[in-house]
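User: Hi! Could you walk me through some charged pairs in this model?

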Amino acid sequence: MSGTPARTADAATAAEVVCLGESMVTFLPSQPGRLADVPSFGRGIGGAESNVACALAAAGHRTAWVSRVGADGFGDHLVEAIAGYGVDTSGVRRDPSRPTGIYFRTATDRAADVHEVAYYRAGSAASAMSPRNIPYVTLPTTRVLHLSGITAALSADCLALLHDLTEPRPGRPLISFDVNHRPGLWRDADASPEVLLDLARRSDLVFVGEDEAAQAWGVTGAEAIRAALPEPATLVVKRGAEGATVFSGAGDVPGAGDVTTVPALRVDVVAPVGAGDAFAAGFLSATLRGLPVRDRVRHGHLMAAAVLTVPGDLTAPPARAHADGLAALDDEAWGRLRLGPGWTGDDQEVRTT
């Protein structure tokens, strides 16, 4: 499939992007420290796929979130909160016998040794998703179907659903897949590398971090990751503070295709959570608009910077004209940018150094 998804016949009313996966009620710490020491928590929402849907909707795209939640108050909160961003939640089903998942986390970066997450999602409504209760034919017509490796880890039925959704078929939308390797979620940790690699190979657009690839597949470096994943038409390798490298086209031919590397922005980080989902949303937004690869990555960096400069996983993105202006800067000006809290406002002056 091409790097820019084709429009469908009813694109005027259909969702441009459908995001499928579990969302949970998130309890955010009132202060840094161990979970045992945090005195209170604020309530939020968290889910890789719903985060992408919310960010895209806030950026002006038509999005839908498909999932299952419990017939409980937490399920009510999730559906109402996500719909509040402008996301179509008509594809969310309520499960009368299984609860909505919740989790607690510390304020530190997920990659830090002291980071803690306490999940209460075993047997959740979303873990019961399967090809039987969310068959492919019932999904809304869309240009992009966004999935992640988190769903594959939830249950055998969820994995079967992802295999069904990534099956090559006529008229299949562009499949966007974020590897999202979370070792703690897998009951069979030894199976996760092969499963995630297989799903990525069946997808058209893949997001993966260098750290994830090293941990899951023992592969180091962007070129080696591309060698391990030649099939996707577009492979986005996220390299942390170094930026991102995109391989596009002819991945199955050694030495062919285009390689684009875009440096990351310098950001005054408030909370290091949600950046990966925001990056995917920014990249997808620019893809839907048919922008060049460099600008797709820059929009990913800008959307990630918006989230990194607020306490939670979600925030209003910069206005499109504001983001377009920054993405159009020459390389020298881009390299001088430094973004801090409040930078997304139209009246805010963006700092350069």
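User: Is Asp324 buried, partly exposed or exposed, and what is its relative accessible area?
Analyst: Buried means under 20% relative accessible area, exposed over 50%, and partly exposed in between, with a 1.4 Å probe and protein chains only. This is a predicted model, where local features need pLDDT of at least 70, side-chain atom pairs count only at pLDDT 80 or more, and totals for chains, interfaces and linings use all residues. Residues are numbered from 1 along each chain as its sequence is written, and side-chain values use heavy atoms, leaving out hydrogens and water. Asp324 is therefore partly exposed, at 24%.

User: Which residue forms a salt bridge with Asp324?
Analyst: A salt bridge here is a side-chain nitrogen of Lys or Arg within 4 Å of a carboxyl oxygen of Asp or Glu. The closest N and O atoms of this pair are 2.7 Å apart. Asp324 sits in helix H10 and its partner in the loop between H8 and H9, helices being DSSP runs of H or I with at least four residues and strands runs of E with at least two, numbered from the N terminus. The partner is Arg289.

User: How many residues apart in sequence are the parts that Asp313 and Arg105 tie together?
Analyst: Their salt bridge has its closest N and O atoms 3.2 Å apart. Asp313 lies in the loop between helix H9 and helix H10, and Arg105 in strand S6, so the parts they tie together are separated by 208 residues.

User: How many salt bridges does a search of the whole structure find?
Analyst: Arg68, Asp95 and Arg98 are linked in a network of them. Over the whole structure, the search finds 18.
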